[in-house]
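I opened my notebook for a friendly look around this one. Here is what I looked up, entry by entry.

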Amino acid sequence: MNLLFGRTISLQFRLTVAVILSILLILGDRYTSSGTVLRTSLHTLVSPLLYFANVPYEVLSLGARSLQTRDQLLDENQALREKQLLQSEQLQQLQFIQQENQELRALLNASSREQNTRLIGQVLSVHSNRYSHQVVINRGTIDGLEVGQAVIDELGLVGQITHTGTTTSRVLLITDTTHATPVRILRNDVRTVIEGMGKLNQLTLSHVPHSLDVRIGDVLVTSGLGGTFPEGYPVAVVTSIDRDESVPFAKVYAEPIAQLDRVRLLVVLGKRSVDTSQ
């Protein structure tokens, strides 16, 4: 080691050696399974550190909750009761719609739909910068998680799992510059693709023709194409459209529905299984 990086070795030679080693590592990771095994092992090794780093937040959260006054708890309880009443009314409508849907599907002799198993995970750490938007959750291969599973919060789509360790997994957010999501416009079922821009509050639709029927306020949901994201989950709302005829495509921007800047609890959608009750 001293001979290789000592002062007698030129900088050009050391750079060449470093580049060659980097290329070998990239090729090994790309064309062999050793890279996946190495990443899984590293995730497993750093998992205790992530849990340990999360301890101060849990302690502070517990202290903050214990300092809440009785009036605050009563107000929150009242708000939750009102929300529960509203959701109960919506649930009654949903049950009616499901029953009606079953009857219609029976008349049409339609095939069974698929259901998703679900697993709740907690965010341990956030890795967010201009070039990468990712979070680490406290679920891993020991819980049955696999690369490619979709992740949502209580409002909409968050992203997908890209790496798994034994007890932790890394989630790539939909706002990451490398992420693309097949979506459809809820209003007219027109399909397109939405991509991340490196901004937690903004997404862009790719290669949108000027003639595409898209409007400000349109809700975009997952289309189900590609098999990664189940169909029908909210993704974003269109916020801006620039139809400049001097360029080949219109510039359409949207805002994520999920609260990506404050994610804490997430739901991992597992392997889909056939629902034979419909």
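I began with burial: 30% of the 278 residues in the chain are buried (under 20% relative accessible area; exposed is over 50%, partly exposed in between, with a 1.4 Å probe and protein chains only). I kept in mind that this is a predicted model, where local features need pLDDT of at least 70, side-chain atom pairs count only at pLDDT 80 or more, and totals for chains, interfaces and linings use all residues. Residues are numbered from 1 along each chain as its sequence is written, and side-chain values use heavy atoms, leaving out hydrogens and water.

Next I looked up the core. The largest nonpolar core holds 36 residues, and I194, L220 and L266 have the most contacts inside it (such a core is a set of buried Ala, Val, Leu, Ile, Met, Phe, Trp, Tyr and Cys residues joined through side-chain atoms within 4.5 Å). Beyond four places in sequence, I194 touches L220 among others, including V183, L203 and V235 (contact means heavy atoms within 4.5 Å).

Then I turned to S206, which sits in strand β8, residues 202-208 (strands are DSSP runs of E, at least two residues, numbered from the N terminus). S206 is buried at 15% relative accessibility.

R184 and D189 pair at 2.6 Å, N to O; R184 is buried at 13%, whereas D189 is partly exposed at 45%. I also noted a network of salt bridges linking R187, D213, R215 and D218.

Notes. Helix = DSSP H or I, 4+ residues; strand = E, 2+ residues; numbered from the N terminus. Salt bridge = Lys/Arg side-chain N within 4 Å of Asp/Glu carboxyl O.
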